[in-house]
Amino acid sequence: MTRRSPWPAALLAALILGACSGTETGVALSVDVDPQELFFWPRPGASEARSDLTVSRVGAGTLSFEVASPAHPWLSATPSEGSLAGDDLSAVVSVAVDLDALPAQGAGAEAELRVLTNAGTMLVAVHVEFA
């Protein structure tokens, strides 16, 4: 007994070829950010705390991004902008908290990083907590 696929042969061939070649045929460009929350527990006497986040491209095309937190000068990201194309699927962004520039020294703080891209905006919650 021979089973026939409900899918046209040309469509099946395109899906199989796309999967084998590593391309994401027909997948719309989107962005993913991990983690979507950053927690900082600085050591006593430290002047800076750092953590990483990863910006990832999902789908075909070039993803341009910018990481910003304009309302919080004590928070920075390096690199603050970039683009992902071809084999570049992700970029690691180092996020730094300037502890000496916090509004209330020794008190916790909260902020939001915006990852602005040509595929949408992602928000990353930032929490600074002192022991």
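Let's start at G45, an exposed residue with a relative accessible area of 84%. That value counts as exposed because the cut-off is over 50%. G45 sits in the loop between β2 (37-40) and β3. Its C-alpha lies 9.4 Å from that of L99, although 54 residues separate G45 and L99 in sequence.

A word on confidence before we go on. This is a predicted model, and the mean pLDDT of the protein chain is 83, with 79% of its residues at 70 or more. Please take care with residues 1-24, where pLDDT stays under 50. For that stretch the model has seven contacts beyond four places in sequence.

Strand β3 covers residues 48-58 and pairs with strand β7, residues 90-98, in the antiparallel sense over nine bridges. You can find one point of this pairing at L53, whose bridge partner in β7 is V93. Strand β7 also pairs with β5 (residues 75-78), again antiparallel, over four bridges. Here, L75 has V97 in β7 as its bridge partner.

Now let's turn to β4, which spans residues 63-68. It pairs with strand β6 (residues 81-84) in the antiparallel sense, over four bridges. Four bridges also join β4 to strand β8 (residues 109-117), and these two run antiparallel.

Terms used: Residues are numbered from 1 along each chain as its sequence is written. This is a predicted model: local features need pLDDT of at least 70, side-chain atom pairs count only at pLDDT 80 or more; totals for chains, interfaces and linings use all residues. Side-chain values use heavy atoms; hydrogens and water are left out. pLDDT is the predictor's confidence in each residue, from 0 to 100. Contact means heavy atoms within 4.5 Å. Two strands pair if DSSP finds at least two bridges between them. Buried means under 20% relative accessible area, exposed over 50%, partly exposed in between (1.4 Å probe, protein chains only).
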